[in-house]
Amino acid sequence: MAGSIPLIRIDDVRWEIPVSFRKGMRVPGRIFCDEKNLPKIHTDQSLEQVVNVAFLPGIVNYAMAMPDIHWGYGFPIGGVAAMDPDEGGVVSPGGVGYDINCGVRMLRTNLTEPDIRPRIKELVGALFSRIPCGVGESGDIKLNRKEIRQVAREGSSWVIKQGFGEAHDLDHTEAGGCLEGADPQTVSERAYERGNDQLGTLGSGNHFLEVQVVDRIFEPETAACFGVAEGQITIMIHSGSRGFGYQICEDSLGMTRRALSKYGIHVPDIQLSCAPVHSSEGKQYLAAMRCAANFAWANRQCLTHLVREVFGAFLGKSPKDLGMDLVYDVSHNIAKFERFAVNGKEKMLCVHRKGATRAYAPGCEELPEAYRTTGQPVIIPGDMGRNSYLLAGTQQAMDETFGSCCHGAGRAMSRTAALKAARGHSVRKELEERGIFVMARGERGIAEEQPAAYKDVNEVVDIVSRAGLARKVARMRPLGVIKG
Amino acid sequence: MPYEIFEHTADIGLRLEAGNLEGLFRDAASGFFELSTDYAAFKNPSGETIQPVEMNFQEENAEELFMRWLQELLFFFSARRLVMVDIRFITLTPLMLKMKGSAVRFIPHKHAARYEIKAVTHHRFRVARTKSGWEAEVVFDV
């Protein structure tokens, strides 16, 4: 049980599970958390999952977990693990998750709270009626087989070519909105069938679209570089690869389960099934996963286009005049090849981020020119009642966590517990009394996603900031929310 | 209810007990569709087009057969918006399933939506024969 897993205190925000804790662990576990939040981690099996990840062949340095850690499948949510392909390193679909390239993007505007506040209900209603969300909702964009294959291969750039955004959006998207090496031939017919009417749809569960206001700036110069200022209206979009990605993950798990015996790999949890990066199965998964990642970036790009259209029509101005530029788009469920120093030698590693965000430091060549002196914008959504954050990457993250930090607040309450907690009162009304207007397909979804169901994002972000994994740049609070 | 819902931090699990394999598979289908929509409303469809559905597959053991069953239900619902309203097993053994049934199309805004089930996970997945029949546990990613 997680309670019996020893945690050795390294400092105020770092804890270690020794490699000697369980036979078969190849590296120690490293948890970023403070004393106050540690008991929350012990309430589920997420530490056990950190131990399990440490079994994976080729893992480098640590099996890591960010302060938003909670129970996932195979990997914990908040998990980071880098594998060295030259040392038999594996790629694991469970280290990416079903929602491949689930991620967040943030748009800035020239608007301030007084421009929006009096009409927030109308604006949220307009967004809700234009942006497909919820169970079974399809989008207006219907793709034939040739087109969905192009989305899978080219990602955001393909939808921008079709008119869903601006070319400069690509500069402000992780990996330019496209992973090279995506092979549409590796994707099943079922995945295509699940995905062909889901481009430009938000989904449900914890996916959302929020109209926010910047309520605090921590680093004025960096914020200015990101185009963000106090009092400004921003928009945050959280969605992923929809049914297309879920099906690719499901198809791949069957393949990597069979690969375990073929390559003599022992994993303590079948949901951690994996294949060597250099194996045919590993290559096939990566080629299909990249298709899903590209679909997800294209999806968030289409959602961005819809948001710009709604704001433009609502305010009678063009999105350009409203200054609706993309600050950045980050993935938080992905496996990517990235170069890092390991024991003084530069290595190309397969970095798994499962509920963790890339947080590249100032100076990284992968960053667009505009952000090269500041470090990468790192977008951390909270819950719909508290805050979200815009952070910037650091050298400490490059040195310690393969350029990664947390991805959100992290759930603290199960869905059924959240429903019980909401009995007898309306979460929607309570939020409205606090000036936050929510539209969703049902009360149940709002109750399950209520603020109390999540850890306090302010504390989570404080931990990554104290650990030096990211710098606080700006804090936002929600004004309007749409959910599936 | 012929099943029990159990908690997982971010998701939803079903715990099932049935006297025979057919009961287990049937109850799992009920659980799946009740988590996804107001399933009772589909049981007496009026003015809806009923579509025939057939499934025929084999697996190496009961666990994989049950996983496949749930994955098929998910695919039919997610990709084709089909809710099974009648399930007739022609053959159901721990290794083989042949089913003929009928389904009604789920229409957003007309039918109540509950969870969007993304996937049937292998996490804590279990199917076992017991003294009194069969039991299973499954966690859905929502």
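**A salt bridge in chain B**

Tutor: Arg68(B) and Glu72(B) meet through their side chains in a salt bridge, 2.9 Å from N to O. A salt bridge here is a side-chain nitrogen of Lys or Arg within 4 Å of a carboxyl oxygen of Asp or Glu. This is a predicted model: local features need pLDDT of at least 70, side-chain atom pairs count only at pLDDT 80 or more, and totals for chains, interfaces and linings use all residues. Side-chain values use heavy atoms, without hydrogens and water, residues are numbered from 1 along each chain as its sequence is written, and chains are lettered from A and ligands numbered from 1 in the order in which they are written.

Student: Where do Arg68(B) and Glu72(B) lie?

Tutor: Both are in helix α3 (residues 62-80) of chain B, four residues apart, about one turn of the helix. Helices are DSSP runs of H or I with at least four residues, strands are runs of E with at least two, and both are numbered from the N terminus.

Student: Is Glu72(B) buried or exposed?

Tutor: Glu72(B) counts as buried because its relative accessibility is 6%. Arg68(B), at 27%, is partly exposed. Buried means under 20% relative accessible area, exposed over 50%, partly exposed in between (1.4 Å probe, protein chains only).

Student: New topic. Which residue forms a salt bridge with Asp34(A)?

Tutor: Arg466(A) does, with the closest N and O atoms 3.5 Å apart. Arg466(A) is in helix α15 (residues 457-466) and Asp34(A) in the loop between β3 (29-32) and α1 (38-41), 432 residues apart in chain A.

Student: And how many salt bridges over all chains?

Tutor: The search of the whole structure finds 53.
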